[in-house]
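Please walk through the structure shown below, starting from one residue and moving on to the spaces inside the protein.

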Amino acid sequence: MLVFALVLCLPVLAFGQVDVNALANYEFNRFDIDQDGNIEPLEVQQYFSRFDANHDQRISRQEYQREVETHHENNPGAKDLLLRLFDALDYDNDNHIDDPDYTRLFTSADSNKNNLVSQREFVIYFHDLAGVPITRGNQQ
């Protein structure tokens, strides 16, 4: 029983210094480029285009790391969590985040399948990717 409890709590312990809900909301606002309260498929591509230093339409682990470290240099917990998300976002395991991954991220987050990702949908999916259960106290 103790082992089971530890397995459930490890993600929370690992990111205990991070307010995952606040980080999810912060990242939602970065994804929502037109600030209309929803993320559209094009906005996912636009968000990740900022990471693409060599303009090859693919985000390498190094490009991803550079962007995350730049935006979260004063928050090591958030930086560590986001760096660990690279593997979760690389759905096809080709060591890059690119169009197939953007599509999968969007369709996975769009729980009601209306071709828009609301802030609530994003926060719930972000928690899922981070491996941190969402509770009533940290819902949007």
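In which helix is Glu69 found? Glu69 belongs to helix H4. The model is a predicted one, and the values that follow are computed from it.

Is Glu69 buried, partly exposed or exposed? Its relative accessible area is 29%. Because buried means under 20% and exposed means over 50%, Glu69 counts as partly exposed. Leaving aside residues up to four places away in sequence, Glu69 touches Lys79 and Leu83. Leu82 lies 13 residues from Glu69 in sequence, and the two C-alpha atoms are 9.3 Å apart in space.

The structure holds two cavities of 30 Å³ or more. H7 provides the largest share, with four residues. Sorted by class, the lining has 14 nonpolar, one polar and three charged residues.

The second largest cavity has a volume of about 50 Å³. Its lining is made up of Phe31, Ile39, Val44, Leu105, Phe106, Ala109, Val117 and Phe122. Helix H6, residues 99-109, gives the most to this lining, with three residues. By class, eight of the lining residues are nonpolar, with no polar and no charged residues.

Phe31 brings in helix H2, where it is one of the buried residues. How many of the 12 residues of H2 are buried? Nine are, and the helix is mostly covered. The buried residues are Val20, Asn21, Leu23, Ala24, Asn25, Glu27, Phe28, Arg30 and Phe31. Charged side chains, among them Glu27 and Arg30, are therefore included in the buried set.

At the N-terminal end, H2 is capped by Asp19, which has a side-chain oxygen 3.2 Å from the backbone nitrogen of Asn21. Asn21 is itself buried.

Key. Residues numbered from 1 in each chain as written. Predicted model: local features only at pLDDT ≥ 70, side-chain atom pairs only at ≥ 80, totals over all residues. Heavy atoms only, no water. 1 Å grid on protein atoms, 1.4 Å probe; cavity = no way out; pocket = protein on both sides within 12 Å on 5 of 7 lines; lining within 4 Å. Points joined across faces, edges and corners; volume = space filled by probe spheres on them. Helix = DSSP H or I, 4+ residues; strand = E, 2+ residues; numbered from the N terminus. Buried < 20%, exposed > 50% of the residue type's maximum accessible area, 1.4 Å probe, protein only. Polar contact = N/O pair within 3.5 Å; in protein donor to acceptor, adjacent residues only side chain to side chain. Contact = heavy atoms within 4.5 Å.
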